[in-house]
Amino acid sequence: MTTEPIEAKPKKVRNFALLSNRAGAAFLTPAGLLVSVFVIVPFFWVIFVSFTNRTLLGRTALNPEFVGLANYLSLFDPATFFQRGQFGFSLILTTQFVLASALLGQALLGLLLAWLIQTVPPWVKRITETFVIAAWILPEVVIGFAWFAFLDRDQGTLNMLLEGFGLPKGDFLLQQPFWVIVVFNTWRGAAFSMMLFNSAFSSIPPSYFQAADVAGASSWQKFRDIGLPLIRGHIVTDLILITMWTFNTFTPFLLTNGGPSYRTELVSIYNYRVAFQDFQFGKGAAVGVIMMLINLAFALVYLSIGRKKKVR
Amino acid sequence: MKLTIPAFVGRIAFSALAALIGAIFALPLLWFLFAPFNARAELGLALPDPWTLNNFVTVFGNSYAVQALWNSFIQAVGGVILVGAAATLAAYALSRSSIPGKGAVTYILLLFSSVVSGSAAMVPIFLIVSAAGLMDTHLAVILTFAGGLLPTAMFILRDFIDSIPKSYEESAMVAGASPVQAFFDVALPVIRPGIVVVVVWGFVNIWGSFLIPFILLRSDSNMPASVAIYSFYSEAGTPIVTLLAAYSLIYSLPVIALYLFVSWKFGFRFFGGIKA
């Protein structure tokens with residue numbers, strides 16, 4: 001995703017373009033069609049479906065009826081809203097998940113890693129980066145299975161280590177499923193923040209840090225007084241992006257299936273269950289609409305920041 | 001400059017901390033280094049004794065598993081051909097033509113591409129594919145990914161093309177080339193590195209994805225590896241660990257190879273950070 005905002009006024013100095021408008025329109029057509037059908041139409045279609053009682057099977061699959069706000073009312077029914085396996089529970093769970101795994105986990109760990117690898121010897125940097133990036137680029141099903149093995153109660157690597165240190169073993173997927181997916185998502189996504197902050201730190205003129213060295217500043221002081229203030233813009237960008245990705249992620253499903261007893265059912269997984277396991281497309285569409293509205297709020301903030309940067 | 005003793009200790013502490021974090025990141029993956037080569041692998045970490053390729057032989061003897069890798073390949077290659085071609089054309093138009101409303105189009109694309117995520121739009125995508133009669137086909141997966149990845153691919157490429165001086169094509173046109181000729185013969189070769197980045201990024205995204213094929217495909221003969229991997233479970237629902245481990249490794253290899261290729265060729269930077 002680029003942060004380059006859009007120029008409000010194209011330069012009208014010379015009225016010469018390499019590509020005529022006709023040719024330009026033709027060049028844009030294939031992409032325009034694909035994006036319209038698979039990105040823009042779904043946005044409006046999901047809104048429409050959310051006002052119907054469409055199902056996957058049965059009579060209402062072919063002839064859905066208009067039901068007004070019924071799907072939304074059932075999602076926000078105050079009697080059940082906060083119960084496990086209901087929308088409110090899922091929404092709160094997702095909020096906690098985003099706060100803990102993206103804003104605290106990924107961003108802080110990424111920041112720490114980016115700062116550390118500025119100063120460590122190249123071979124340490126390379127090894128650390130390799131594993132952090134591996135966690136992030138490997139296919140999600142592979143990662144899901146690796147963690148399944150890692151956390152296994154009887155033989156898993158984690159319990160083997162705990163035993164080695166004389167600590168009690170645990171069946172973490174059953175006992176602490178929420179914290180498992182928080183750690184899992186932190187581990188999975190820290191690479192992005194690390195790389196973004198790393199390139200932000202590298203763009204700071206080295207003379208700033210040299211001057212601080214001469215003045216006898218500690219690493220923490222350099223971090224707090226030079227590094228951090230100068231990459232503020234990058235931090236905001238990073239926080240918004242990882243918030244959106246974590247909010248929409250489906251990967252924990254591969255580790256926990258949303259369970260046990262809905263304790264890791266993030267909104268994306270809730271959406272899947274309602275639509276494709278309970279076959280209630282109308283209600284699933286309503287969940288999709290709410291997710292998109294939340295995405296929209298973040299996207300607007302993100303784009304407005306991008307614009308301000310350009311103006312300054 | 002000579003290091004003072006506290007600074008020296010500090011550097012060692014920093015290195016130790018970085019190495020420790022690296023090691024923690026490596027832990028969940030360690031198992032994958034050994035299990036695929038162990039004919040008696042279980043979920044525990046154990047050195048293979050003896051090291052063997054038997055698990056791989058079994059995987060390649062399983063026609064369903066091989067078919068699934070092939071399906072992943074078809075879907076990923078089909079997707080990136082569409083994304084690469086359509087994004088290059090569109091990005092070139094956004095960069096080099098003065099179509100009215102260009103800015104608005106870009107803004108809308110940027111907005112929609114971040115709002116419509118796969119997990120929020122699974123219902124309408126299912127319904128659109130179903131209405132088009134494409135359910136359970138490779139084409140459904142290819143088109144869905146092409147649409148979803150295109151906006152980001154277009155931005156990457158537009159930035160790339162914006163950074164290329166227009167004088168390349170201008171001089172070609174002065175020499176009598178038509179705009180379309182200038183695009184194919186002059187601009188395209190210069191843009192190629194950008195296209196490679198977009199294609200690699202798209203391939204890794206489609207190859208690794210689970211949700212979209214999981215929703216849009218039904219029959220075993222169309223499933224990509226990401227979904228088919230769940231067939232390596234016994235009737236009782238317990239994983240057949242030896243096969244899963246070997247299969248996971250095979251399935252991960254293209255991603256690792258592409259990562260190495262890109263970091264060798266361009267220096268790994270940001271393109272991969274962009275997920276659909």
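**View 1. Surroundings of B:Ala87 in the predicted model**. Apart from neighbours within four places in sequence, B:Ala87 is in contact with B:Leu150, B:Ala153, B:Met154, B:Leu157 and B:Val198 of chain B, and with A:Ala31 of chain A. The largest nonpolar core holds 172 residues, and B:Ala87, B:Ala90, B:Leu150 and B:Met154 are the members that touch the most others.

**View 2. The contact between chain A and chain B**. Chain A contributes 85 residues to this contact, and chain B contributes 88 residues. On the side of chain A that touches chain B, helix H1 (residues 21-49) of chain A gives the most, with 20 residues. Sorted by class, that side of chain A has 65 nonpolar residues, 16 polar residues and 4 charged residues.

**View 3. Crossing of helix H6 of chain A and helix H1 of chain B**. The axes of H6 (residues 140-150) of chain A and H1 (residues 5-34) of chain B come within 9 Å and cross at roughly 95°. H6(A) is therefore roughly perpendicular to H1(B). From H6(A), the contact is made by A:Ala146, A:Trp147, A:Ala149 and A:Phe150; from H1(B), it is made by B:Leu27, B:Pro28, B:Leu29, B:Trp31 and B:Phe32. The residues of this contact comprise 9 nonpolar, no polar and no charged.

View 4. The C-alpha trace of chain A spans about 75 × 75 × 35 Å along its principal axes. Chain A has 312 residues, of which 45% count as buried. Of the contacts in chain A between residues at least 6 apart in sequence, 69% join residues at least 24 apart.

Note on methods
Residues are numbered from 1 along each chain as its sequence is written. Chains are lettered from A and ligands numbered from 1 in the order in which they are written. This is a predicted model: local features need pLDDT of at least 70, side-chain atom pairs count only at pLDDT 80 or more; totals for chains, interfaces and linings use all residues. Two residues are in contact if their C-beta atoms, placed from the backbone, lie within 7 Å. Helices (H or I, at least four residues) and strands (E, at least two) are DSSP runs, numbered from the N terminus. Ala, Val, Leu, Ile, Met, Phe, Trp, Tyr, Cys and Pro count as nonpolar, Asp, Glu, Lys and Arg as charged, and the others, Gly among them, as polar. A nonpolar core is a set of buried Ala, Val, Leu, Ile, Met, Phe, Trp, Tyr and Cys residues joined through C-beta atoms within 7 Å. A residue is buried if 20 or more other C-beta atoms lie within 10 Å of its own, exposed if 12 or fewer, and partly exposed in between; C-beta atoms are placed from the backbone. Axes are lines fitted to C-alpha atoms, for helices over the stretch in contact, and angles run from 0 to 180 degrees between N-to-C directions. Angles under 35 degrees count as roughly parallel, over 145 as roughly antiparallel, 65 to 115 as roughly perpendicular and the rest as oblique.
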